[in-house]
Amino acid sequence: MRSASRFRDSYVQTLGLAMALALVVQSAWAQRSQADDYMSAEARANVEALKADAARIPTNGSNLAERTPLLWRWINDYALAGGPLPDRATGILQSAFRELVEARREGRQPQVSLAQRPDGRAVFADAKFDQVIGEMRLKDERPDALGQFALGSSGSFTADSWITVELTYTVGGLALKPGARVVVGRNSQWDRGDLQNDAPGDGYVTISSSRPDVRFARVEIPRGPERYSAVGARPAFQLEHGELSEGETFTLVLGDRAGGGRGWHIHTYENDRTVVPVYVDHSGDGRYPAHDWPSFRVVGGEAARAVAFAPSVVEPGEAFELAVRSEDGNFNRATGSIPAYIVTLNDRPFRAIPAGGPALNVLEDVRLNDEGVYRFGIRTADGRIYGTSNPVWVRRNPPHRVFWGETHSHAGLAEGQGSVDAAFRYARDDAWLDFYGMSDHDTAMDDLEWERVREAVSAYGEPGRFVPFLGYEWTVQRRFGGHHNVFYRRPFEDRIDAQQAPNLTALYQGLRERYDTNDVLIIPHAHQPGDWRNSDADMETVVEIMSMHGTFEWFGNYYLRNGHQVGFLAASDDHRTHPGYTGTRARGMSQFGGLAAAMASEKTGDAIFDALKRRRVYATTTADRIIVDLELNGEPMGRRIAYSKDRRLRARVMGTAPISEVAVVRNGDEVYRMRPVKASLGGRVTAQVSFESSTEPFIRDSPRGVRRWSGTIEVQGAEFKGFRAPRIENRHLESWERDGDRILFRTVTRGRADSVLLDLEGASPSTEIVLDLDEGSEFGKAPIHVRGYRTFPAQTVGLRFSDLRDGLIERKLPAEPDSDRVALQLIADDRPLDCDFEFVDHGDARHGDYYYVRVKQLDGAMAWSSPIWVGGEESR
């Protein structure tokens, strides 16, 4: 199998390497058995010619076109043989392919200097290209040159705990000489304690060797050598005296407790393959070849939460499964003793689950005989652990079912962590998804990793239960088209990756040339935003408007206002092999991941893929399986219906928490809003105070970053009885603490509100909620961005109850051109979980108008239907 396309092969056909050189190096390998080689005879001859030529002449503008396809094939042959590639090899080659395309388009010779171009763009660096050749040559000619790492223990560790790990390196044929360096890298997903070798204490790293005369000293490394390296010091050591030869060892202790430290605070999430990348520069020349690093397993802790999963739509009397998952406080599958549970149905006893069962307990042959909406509850007898299920809508002869899936997640192929197999297992067995497509970065993917994804798609599917799709994330910078996830109806052999399709036009063209457009789905997303000015009407039928990065409703409207006929879905962009049920982390992701709801007649690959292609899909946040049923003039979401001036929209929403607001949006503007939980002012009231920040960029740019909020909330003119946060989604970045008649708080928002509920006694029109806000700031915007981060002045905002209008006060804060706001609304004691409504549009009716529904819950979760178009023309 080869992912190389005709595009890359065209470069191979233009090779100008001297034939005499090829013959010389081919004869040098004549005695090597073809059965022992990992590449064909032709490929071997080309590689030997490349090595010889690169040893004489550095890579430059005149030979880049010759070398790039040869090196691309070489690294993929080596990967298929099981060898670890140079850490940045695939990304460097993507840059090379892109520079060749840009040079050809602009009619110039490729540039490979380290300088910047006049437009400020970084130029492809020849030194990195030659470093890849050098490392590949070392591994090819001296397969035993690099040593082996081994863990001191093969056991597992508990997430969010303090651990100590020993890692021993046995030197290979390449000795460690004075000046050699050892750097302990880090994974970008680690969300707890950092490692350091400054002084004994938490996270302390020490080094020792098998030779008493060898001495290492601490050195400063300002930035790690990892492929996805964040700025920041890494624990590093330099060999100052002696050397280590083949068979000798050094040992690193990560989280050494000898100096009084607690150890290393390991990350909060379970993972089957936590890798500690340790880089060894054997001679001090700044080259850190990638090794085959060992890994250890991290598992969840004791049970602290519970959640249940059930089908969203069933017929009366239809048998189904109810999955009850015990979790620790970080949403990991619990380990240890699992308690007994009482299962309720609409708050009435239903079944009992005895103690000591599995953390994922599946109740079979569950049946509901009467039509209606049902919800299961789970709790321990003492009420310490509790949870709920999604709503189950029992309908006779339902026109469709609702199937839940994930279309944006990663494993450890790029900057993520965990195996491909773990991602598919988690999607099926922990998130209890109906369908799943992994979308790891193509810029970091070699042919072996692509094969592993394809094999997983074939291995983990279960007819009638779980449908996997093959996919990848086409990963280019915003100016070349932005990130898009690509999925296939079948597990086809070839991907059209960023190496061969370095801009959006090339991606569309490459997929159209290779496959039937009905078998391809492209999903642009907003974090590294797809180009909303361009879209393929046949393949790009949905856009991602929400992920762990934030909420981006504007992104869908940018596509719609440019005439593209797209539906909406949400996803997670998880990088820890937790697709479909993805918690936040202390560093980076600001909110729980979302889901895609596909409305299809049956749980098969074709039916679900067709639903996605036909925009019969909607988006929900926070993995909440909210049911949204929408019709306009009797037609369902995702369709373009015949033009009519009469427009009657009917919707039914079944929530996972009380519904706080439902709005109808026409052409991007809200035209109707209802608030089922609104209340009038009385003596005892519950007031919700919320904070919200926009994410719209207004120009061709990445979305606005995460906004920090902090300060105090003070109650004046009423007795402050208590408070509660409806959902603490990111306990690393969010806190609410009472201090007398005020709350000390900090939180973050990015396109979606966060809130707190205040219980008040003796409230009157003179009651006031005073918000004393600290200076605000932003973070988390995807590079490369046009507009930088902003700060916002400290200010005091008074929300006086005499200003309530229909139980609501909304105040926009100065943040032009952005839209930041705080709000206060009174919440009724009756808080409905379901909402039915009808809206008749009496406004100006135009051809091509589009409508969709936005849902908000009291706990902050949201949902969006896909649009319905009235009149106008289909996109072509």
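Reader: Which strand does Thr551 lie in?
Author: Thr551 belongs to strand E30, residues 550-551. Strands are DSSP runs of at least two residues, numbered from the N terminus. The model is a predicted one, in which local features need pLDDT of at least 70, side-chain atom pairs count only at pLDDT 80 or more, and totals for chains, interfaces and linings use all residues. Residues are numbered from 1 along each chain as its sequence is written, and side-chain values use heavy atoms, with hydrogens and water left out.

Reader: Is Thr551 buried or exposed?
Author: Thr551 counts as buried because its relative accessibility is 3%; buried means under 20% relative accessible area, exposed over 50%, and partly exposed in between (1.4 Å probe, protein chains only).

Reader: And what separates the C-alpha atoms of Thr551 and Glu761?
Author: They are separated by 35 Å, and the two residues are 210 apart along the chain.

Reader: Changing topic, what is the order of the open sheet of three strands?
Author: The order is E15-E23-E20, with mixed pairing. Strands E15 (313-314) and E20 (372-374) stand at the edges with a single partner strand each, so one side of each has no neighbour in the sheet. Two strands pair if DSSP finds at least two bridges between them.

Reader: How many bridges join E15 to E23?
Author: Two bridges join them, and the strands run parallel. Val314 has Val394 in E23 as its bridge partner.

Reader: Where does Glu714 lie?
Author: Glu714 lies in strand E41, residues 706-716. Glu714 counts as partly exposed because its relative accessibility is 31%.

Key:
Helix = DSSP H or I, 4+ residues; strand = E, 2+ residues; numbered from the N terminus.
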